[in-house]
Amino acid sequence: MKRKGVRGGGEREFDGVDVRPGVVTVRTPTGHGSGFFISSDGYLLTNQHVVGSAKTVRVILHSGRHVPAEVLRTDAARDIALLKVGEKGFRSLSLSFAELPVGADVLRSEEHTSELQSHHD
């Protein structure tokens with residue numbers, strides 16, 4: 001299995017798939033954070049603390065293009081927010097709710113830089 005997750009330059013692949021097109025930066029009037037598409041038709045997740053009480057935010061795509069997004073739902077207790085952009089055709093990243101064994105590979109999106117890492121703890 002090919003697993004790469006190099007920080008600061010280099011490739012951003014996980015099992016041979018470039019995940020960068022699925023990762024975005026979410027900008028609000030008061031700050032920014034990262035997020036990622038969970039469907040090709042424009043639904044994405046970010047943290048609730050990133051969007052706060054905003055109803056709309058600006059999403060910066062991997063290409064650098066800015067698109068507006070509507071904040072559909074937030075859950076402060078779980079620190080998660082569901083957003084929707086009005087376009088389709090995005091690379092989505094899958095979610096897993098399975099309990100992971102120690103040493104499993106995971107991806108995380110870093111705030112603002114949208115860099116991905118593979119961790120082996």
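Visitor: Before we dig in, what does "partly exposed" stand for here?
Guide: Happy to start there. A residue is buried under 20% relative accessible area and exposed over 50%, with partly exposed in between. Keep in mind that this is a predicted model.

Visitor: Good. Then where does R65 fall: buried, partly exposed or exposed?
Guide: R65 has 40% relative accessibility, so it counts as partly exposed.

Visitor: And what does the R65 side chain meet?
Guide: It meets the side chain of E87 in a salt bridge, at 2.8 Å from N to O.

Visitor: How about the cover on E87?
Guide: E87 is partly exposed too, because its relative accessible area is 29%.

Visitor: How many salt bridges turn up in the whole structure?
Guide: Two. Besides R65 with E87, there is one between the side chains of R78 and D75, with an N to O distance of 2.8 Å.

Visitor: Switching to strands. Is β3 mostly covered or mostly open?
Guide: Mostly covered. Strand β3 takes in residues 23-28, and five of its six residues are buried.

Visitor: Which strands does β3 pair with?
Guide: One partner is β4 (residues 31-37), which pairs with β3 in the antiparallel sense over six bridges. Another is β6 (residues 56-60), also antiparallel to β3, joined to it by three bridges.

Visitor: What sits between β3 and β4?
Guide: Two residues, and the two strands form a hairpin. If you want a place to look, T28 stands opposite G31 in β4.

Visitor: And on the β6 side, what is opposite T25?
Guide: That would be I60 in β6.

Visitor: New topic: which residues make the nonpolar surface patch?
Guide: I38, L95 and F97 make it, and the patch is about 330 Å².

Visitor: Where is F97 found, and why does it count as exposed?
Guide: F97 is in the loop between β8 (80-85) and β9 (107-109). F97 counts as exposed because its relative accessibility is 79%, and the cut-off for exposed is over 50%.

Technical notes
Residues are numbered from 1 along each chain as its sequence is written. This is a predicted model: local features need pLDDT of at least 70, side-chain atom pairs count only at pLDDT 80 or more; totals for chains, interfaces and linings use all residues. Side-chain values use heavy atoms; hydrogens and water are left out. Buried means under 20% relative accessible area, exposed over 50%, partly exposed in between (1.4 Å probe, protein chains only). Helices (H or I, at least four residues) and strands (E, at least two) are DSSP runs, numbered from the N terminus. Two strands pair if DSSP finds at least two bridges between them. Patches are made of residues with over 30% relative accessible area and no salt bridge: like charges are joined within 9 Å, nonpolar side chains (Val, Leu, Ile, Met, Phe, Trp, Tyr) within 5 Å. Accessible areas come from the Shrake-Rupley method with a 1.4 Å probe; for residues, only the protein chains shown count as cover. A salt bridge is a side-chain nitrogen of Lys or Arg within 4 Å of a carboxyl oxygen of Asp or Glu.
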